[in-house]
Amino acid sequence: MKKYIVRDFMVPISEYATVAESATLYESVLALEKAQEDYAKNRYSHRAVLVMNADKRVIGKLSQLDFLCALEQKDNNYDRAFNLSHLGFSSKAIASHKEQHRKRTPPINEIYEKATMSSITKFMQPHSHEEYIEDTTSLDIAVHQLNAGPYLSLLVTKGPDTENIVGVLRLADVFSVVFNAMKKYESTITDRTDTG
Amino acid sequence: MKELNTLLDRIIQRVNIDLREINYNVEPFVRQLVTSDQMTKFYAFYGITPNHPLNLNFKHSNLSGSYFLGKSRIANSLLYKTDIRGDELKKKNEIFGYKNFKIPVNKDEGISIDDSFLIKTLVHNFSHDPETLETFFIRDTISTHYANIHGSPSDGCFLGPFSTVDLTTMRDCLIGTYSYVQAGEISHLDIKPGTLWIRQPDEFNFIYRYPLDQLNEYIYFTAGRLPQGILMDFTEDRKEAFQRVFERVDMETTLSVPSNASLDRYAVVKPKTRIGENVLVAQRAYLQNSSLGKGANAQENCYIINSTLQGNNVTAHGAKIIEADLGKNVFVGFNSFLRGRPNYRLTIGQDTIIMPHTIIDNRKPLSVPPNHLVWGMVKDEKDLARNSLPLNDFSKIDSHFSTGNMLFEGSGAAFVTAFKNRIQHILEANGAFFNGTENKGHAQQNQNISFNIIQPYPDGDKEGLYPTIHIRP
């Protein structure tokens, strides 16, 4: 694994789904859909879209989960209102309370309309320091970094400058490399046993 | 002053140790809440009456602006403008009933405060914990502006501003700003701001949570700053009137007070106020252009302004009633804030229960019907429909019920009965039903109180500390 480096397995930034920070949620999802079609040859499709500022710097990402969360009507009081089990309420009563809350939420078409017109910056997740990795780093270090998050992808930089993004290293691609390496090793062991 | 600062450090450390599991550091919230100057500026005072045991013991403490009545012991503590009102403590040979137990009280109950910092807090009622019948303890506890510790022994707790813990023993708990808890016994809980929680295990469980964005307008508390919001502004605007009352020795009032009613010498009464028979007005209450009908009461830190109370009204500790007309037997719970407007008055029908920590702030006329239960934030008719229920309908709940941010589980009938019994008990204790010979209560027994003042060291290392004092008959 040490002989492999990140650069060999990343998706170049030019092939990744990106949108401007001024984009709406709907435009971002369209960009993601298009990137998936363009990348159809790959067995692992895009699961996130990167958000770029006016200087073409990556300022965040929107995952499929972020998109679904955007459609949920959770306000700041949601968690406060339903975190009740430690105060002696039964799960049945809490479920009923949630159902009452759900009934008060607007119709689904209104939710779609409101969410899709919202700015992507409202729902995107900024990258943490641990989500960057240099393109010359060995793949075993990348595996460790993905596990430590855990993260579904890492932003690959040219050198230590985190503003110089050259690609995205995805968990699915790393998994594929590791799994194939393991299969190769196993077949070597089997061959030795057969001949021994 | 050196010893006072050391004492504050010691209290902060002890509370932080108790709250370590909740991972809460009280220091940034507490350090600047009361300046050293304030801690040395005001005298403390205590009441003497023939009706309450006199046994006060102060040791290594600051008592600035605080008031004491009954049996209490204060050690290694800072009490700033706090009322320790021991006129409902259990007496020797009384029988305390708890479930199927009938427990004899072996000696007069006393309030015992150790290693605590209480700011503008009211301590009242008696310990409801059968495990500590004779001692209402408050240990390693910090409480902030206008908190109520009501019949609630406390060990290792922090109470945010305008919070109330009622008839509940608490250990290692954080009680958020403007939260009300009545749950019997709690430990290691982080009660979030704006929580109204009333629980009687196996009987009922009620919770309401304020929308924080709305609550913050009324009360907001963050590290390094004094509490802010409408509730603080409201009390600060009337602070000067209290300063005049506390500075003068010879307070005389021209107000006519019936012989069976009680108006505390440390209450503020502004013109055009009328006090009916069997009325109780406690210290630090504020009355202005209002009428209190027979058997009504205004407890500590209550404000009643431009309002009419028909009679037998309980205005519990810290409640505020402005531009409102209340029918008979209306109960207004702890720290509630009811505000109509001069041209848009608030009307509350008789026998209605305004639950503790309710905010009604209407900018159009608003009428709460009789026999209702009201809770939470109410600004208009729509809020009222969501946050109230006729008492009869509430009594019919037998499993669970949810509306708005409120969830109830258990027996609605048991809940309503418990509330009604409690209100009846409060009226009895306050002397609302005195008939000239029987049913005496605080309104009759607290009429003739002598007040003595005590003061701290004026300078040096001990500046602000009161000498060890033991006051007995």
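**View 1. Strands β23(B) and β24(B) run antiparallel and are joined by 6 bridges.** The model shown is predicted; local features require pLDDT of at least 70, side-chain atom pairs count only at pLDDT 80 or more, and totals for chains, interfaces and linings use all residues. Residues are numbered from 1 along each chain as its sequence is written, while chains are lettered from A and ligands numbered from 1 in the order in which they are written. Strands (E, at least two residues) and helices (H or I, at least four) are DSSP runs, numbered from the N terminus. Two strands are said to pair if DSSP finds at least two bridges between them. Opposite Ile198(B) stands Phe206(B) in β24(B). The two strands β23(B) and β24(B) form a hairpin with 3 residues between them. In this turn, Asp202(B) has a positive phi of about 70°.

**View 2. Strand β24(B) is also joined to β47(B), residues 406–410.** The strands β24(B) and β47(B) run antiparallel and share 5 bridges. Asn205(B) has Glu409(B) as its bridge partner in β47(B). Of the 6 residues of β24(B), 5 are buried, and the strand is thus mostly covered. A residue counts as buried if 20 or more other C-beta atoms lie within 10 Å of its own, as exposed if 12 or fewer do, and as partly exposed in between, with C-beta atoms placed from the backbone.

**View 3. Domain 1 of chain B touches domain 2 of chain B.** Domain 1 comprises 2–227 + 448–471, and domain 2 comprises 238–251 + 258–400 + 412–445; these bounds come from an automatic or database domain assignment. The domain centres, taken over C-alpha atoms, are separated by 23 Å. The contact takes 26 residues from domain 1 and 23 residues from domain 2, where residues are in contact if their C-beta atoms, placed from the backbone, lie within 7 Å. On the side of domain 1 that touches domain 2, the elements giving two or more residues are β11 (122–124), β14 (148–150), β23 (195–200), β24 (204–209) and α4 (212–218) of chain B. The largest share of that side, 3 residues, comes from β24(B).

**View 4. An open sheet of 8 strands lies in chain B.** Its order is β21-β18-β15-β12-β9-β4-β2-β49, with mixed pairing. Strands of a sheet pair through backbone hydrogen bonds, either parallel or antiparallel. At the edges are β21 (184–187) and β49 (469–471) of chain B, each pairing on one side only. Strand β2 (residues 55–59) of chain B runs antiparallel to β49(B), with 3 bridges joining them. Leu56(B) has Ile471(B) as its bridge partner in β49(B).

Key:
Two residues are in contact if their C-beta atoms, placed from the backbone, lie within 7 Å.
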